Amino acid sequence: MVEDNASVKIVAEGPVATMTKSLKGEAAEINAGSKAVVDFQSTSATKQTLTLPKGGSQVNLSRGATFNVVGAAKTGVISSATDTAFNIDRSKSVVIENTNLAAPLFTKTSLKTTVAIDKPSRVRVYDRQGAVQTTWNIKGSSFSVNKGATASVDSSNADFVANLKMQDYSKFELLSATN
């Protein structure tokens with residue numbers, strides 16, 4: 001738990017966080033309070049920056065929170081188990097970036113990961129050359145990633161639904177329209 005207005009920054013040559021379970025033995029949770037900053041960065045070409053290997057794990061981001069996961073692993077920046085969820089409630093920004101431009105954001109072993117965005121936001125994605133590819137304004141949305149690729153998208157923005165392809169990006173950036 002990163003409390004309201006607190007920040008944590010971890011920069012490592014290997015994996016930054018491998019969350020196997022909570023202190024209660026349940027699925028792992030990362031909770032960022034209001035205006036908290038969580039910044040995970042890894043330079044490893046072989047290890048993911050964030051690994052959530054237990055099904056049902058959650059990343060919960062509160063109003064005004066910032067969450068960055070940056071890595072260089074050729075297999076992906078985030079590895080997650082079945083039914084992992086990223087719950088974004090009016091967060092200031094969320095960045096998932098692979099500095100190895102040819103590599104994916106989520107590993108091909110990531111299964112049924114859901115990203116739920118509660119309020120209006122701007123989503124910007126970057127192509128494999130590191131340039132802005134597309135920006136969408138959304139009113140709230142959810143999408144799932146399975147085996148590193150977009151599996152489903154639910155949004156009132158038809159272009160976002162038709163064209164969100166997580167497997168094609170070097171960087172995913174979400175900026176809240178309410179902050």
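Predicted model: local features only at pLDDT ≥ 70, side-chain atom pairs only at ≥ 80, totals over all residues.
Q: Which residue meets the side chain of Glu173 in a salt bridge?
A: Side chains of opposite charge can pair when their charged atoms come close. For Glu173, the N to O distance in its salt bridge is 3.1 Å, and the partner is Arg124.

Q: How many salt bridges does a search of the whole structure find?
A: Another joins Asp89 to Arg90. For the whole structure, the search gives a count of two.

Q: How far apart are the closest N and O atoms of Asp89 and Arg90?
A: Asp89 is partly exposed at 30% relative accessibility, and Arg90 is partly exposed too, at 27%. These residues form a salt bridge, and their closest N and O atoms are separated by 3.4 Å.

Q: What is the phi angle of Arg90 near?
A: Arg90 sits in the loop between strand E9 (85–88) and strand E10 (93–98). Its phi is positive, in a residue other than glycine. The value is near 55°.

Q: Which strands are the edge strands of the open sheet of seven strands?
A: The order of this sheet is E1-E4-E7-E10-E16-E12-E13, and its pairing is mixed. An edge strand here pairs on one side only, and that describes E1 and strand E13 (132–138).

Q: What is the average twist from one strand to the next in that sheet?
A: Recall the strand order, E1-E4-E7-E10-E16-E12-E13. Going from one strand to the next, the twist averages 5°.

Q: Which residue in E4 is the bridge partner of Val8?
A: E1 and strand E4 (residues 37–42) run parallel and are joined by six bridges. In E4, Val8 has as its bridge partner Val38.

Q: Which residue in E10 is the bridge partner of Val69?
A: E4 is joined to strand E7 (residues 66–71) by five bridges, and these strands run parallel. E7 in turn runs parallel to E10, with six bridges joining them. Follow Val69 across to E10, and its bridge partner is Ile96.

Q: Which residue in E8 is the bridge partner of Thr51?
A: Now turn to an open sheet of three strands, with the order E2-E5-E8 and parallel pairing. Its edge strands are strand E2 (17–18) and strand E8 (78–80). E5 and E8 pair over three bridges, and in E8 the partner of Thr51 is Ser79.

Q: How many residues does the largest nonpolar core have?
A: Leu50 is among the residues with the most contacts inside this core, along with Phe67, Phe143 and Met166. Leaving aside neighbours within four places in sequence, the contacts of Leu50 include Ala17, Ile30, Phe40 and Phe67. The number of residues in the core is 38.

Q: What distance separates the C-alpha atoms of Thr46 and Thr75?
A: Thr46 lies in the loop between E4 and strand E5 (50–52). Not counting residues up to four places away in sequence, Thr46 touches Ala73 and Thr75. Although Thr46 and Thr75 are 29 residues apart along the chain, their C-alpha atoms are separated by 7.0 Å.

Q: How far is the backbone nitrogen of Phe160 from a polar atom of the Asn157 side chain?
A: Asn157 is in the loop between strand E15 (149–155) and helix H1 (158–163), and it is buried at 18% relative accessible area. A polar atom of its side chain lies 3.0 Å from the backbone nitrogen of Asp159. For the backbone nitrogen of Phe160, the distance is 3.0 Å.

Key. Residues numbered from 1 in each chain as written. Heavy atoms only, no water. Core = buried A, V, L, I, M, F, W, Y, C linked by side-chain atoms within 4.5 Å. Buried < 20%, exposed > 50% of the residue type's maximum accessible area, 1.4 Å probe, protein only. Contact = heavy atoms within 4.5 Å. Helix = DSSP H or I, 4+ residues; strand = E, 2+ residues; numbered from the N terminus. Polar contact = N/O pair within 3.5 Å; in protein donor to acceptor, adjacent residues only side chain to side chain. Pairing = 2+ DSSP bridges. Axes fitted to C-alpha atoms, helices over the stretch in contact; angles between N-to-C directions. Salt bridge = Lys/Arg side-chain N within 4 Å of Asp/Glu carboxyl O.
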